[in-house]
Structures are given as structure tokens and as C-alpha cells.
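Subject: Structure for your review

Hello,

Here is the structure for you to look at. My notes on it follow below.

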Amino acid sequence: NGYIYVTSKIDSFNTGIVVVIDSSINEVIKNIPVGKFLVNVLGGSATLAYNPSNNYVYVALNNSISLINSNNEIVKNITLNDIGQPLQMEYNPSNSNLYVNLNNKKIAIINSTTNNVTNIIEHLHAYPTGIAYNPENKDMDLVIQNISHPQDQLRLLKIDPTTNNITTILKNFEDADLASAIAYNPDNKNIYMTDIVN
């Protein structure tokens, strides 16, 4: 629909809205109340992701994910009470699934057709902080923070979207800071990671 979607907290209780901006006139056309956001350790707003296979915007809340359609209406809430709290999300066009980093060292996989959680990746041994789709190998690249073992804080995991298994683990980077985000660059086919400086 050509709109821009922005998450914003409206009070100290982390009550949130999604601000809808019409990019043709650069004006706010709607505020969508969505509920409470998860408290972000970085002080930022909640995460959201666009799913081109069903044209929904997914918004991460405290214990759920809300789906907003192209008419800017909430059409579904995916409850995650017994699974974990959503931190980041990334769409994978190779299988049309949405990958959700959780706060309990797990990743939830949401099917774009049913909009239900269909799989859980467990035993990451650290907290997933950033996730990105890599079109070169169709893997999901994931950075995790291993706070309890400083010598092994920064890791890059690769998730095979066919099996949803961890296929590669890179660790013991020279950089001792904590990984916080990751992005793919199609120009040079490199992966870039940002750190939190201790």
C-alpha cells in the first residue's frame, strides 16, 4: 500500500501503537493501538516485519505478535505465552516463513499461510539478538550473545530453512563486544554485524 509503519511507545508502561505514514505525502494517517511492547534492553521500540507473501505487517508485543493487514486493521494475534517473548523477526522468501528470535534462547517459526507457530528451534545456548535472510545460500544468519562466557560472546549461526537445523557455528571472534544486530548487503554479498560496547 506504499505506507511506512513505525512502532512507538505512548507511556511508561510500554503501551504501544503502530504509526502509519503515507509516504506520498509524508504524513501520519493512522495510529493503531497494539498493546504492550516487550521491554527492550537497548531502550528501543518494538520490532516489526513485513510479510510479502500475505501482505501482513507483524508486530512483536510483550507475549504475542499482532498481524496488521493492508487496510491497517489488526486481523490476528498470535499468542506466545508458553513459548517465549519476541525480540526480532525476519521473513524468509525461500519458504515463506517468519523467523522470530525469542528471549529464552529459542526461535519460533511462523507459517505464512496459517499464521501459527509450526516449529521451535531450541538449544541455542545463548540469546538470539539479530537475524537476517541470506539470499546467496537461502540460510537464516543469526547472531547470539553468550554473556556467561566472555571468551565466546560473539557467534554467527546459520539455520538451514529446509530442515531448520543449525548448520554452521562461527565463534571466538577477535571482537569481544556483544552482537546486537545483523544485515545482508546484496552489493558485496557480505554480512554486517553491530556490537554493544561494554
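Strands here are DSSP runs of E with at least two residues, and helices are runs of H or I with at least four, both numbered from the N terminus.

Before the rest, a note on the source. This is a predicted model, in which local features need pLDDT of at least 70 and side-chain atom pairs count only at pLDDT 80 or more, while totals for chains, interfaces and linings use all residues. Residues are numbered from 1 along each chain as its sequence is written, and side-chain values use heavy atoms, with hydrogens and water left out.

S4 runs antiparallel to strand S5 (residues 56-60), and 4 bridges join the two. Two strands count as paired if DSSP finds at least two bridges between them. In this pair, Ala49 stands opposite Tyr58 of S5. The two strands form a hairpin with 4 residues between them, and Asn55 in the turn has a positive phi of about 60°.

Val75 lies in strand S7 (residues 74-79). Its relative accessibility is 40%, so Val75 counts as partly exposed; the class lies between buried (under 20% relative accessible area) and exposed (over 50%), with a 1.4 Å probe and protein chains only. Leaving out residues up to four places away in sequence, Val75 touches Tyr56, Leu67 and Asn69, where contact means heavy atoms within 4.5 Å. Tyr56 is 19 residues from Val75 along the chain, and their C-alpha atoms are separated by 9.0 Å.

Further along there is an open sheet of 4 strands in the order S8-S9-S10-S11, with antiparallel pairing. Strand S8 (86-92) and strand S11 (117-121) are the edge strands, each pairing on one side only. Neighbouring strands of this sheet are turned by 25° against each other on average, direction ignored; the axes are lines fitted to C-alpha atoms, and angles run from 0 to 180 degrees between N-to-C directions. Within the sheet, 5 bridges join strand S9 (residues 97-102) to strand S10 (residues 107-111), and Asn97 stands opposite Asn111 in S10.

For the protein as a whole, the secondary structure comes to 0 helices and 17 strands. Of its 198 residues, 42% count as buried. The protein exposes about 10100 Å², of which carbon and sulfur atoms supply 48%; these areas come from the Shrake-Rupley method with a 1.4 Å probe, and for residues only the protein chains shown count as cover.

Regards
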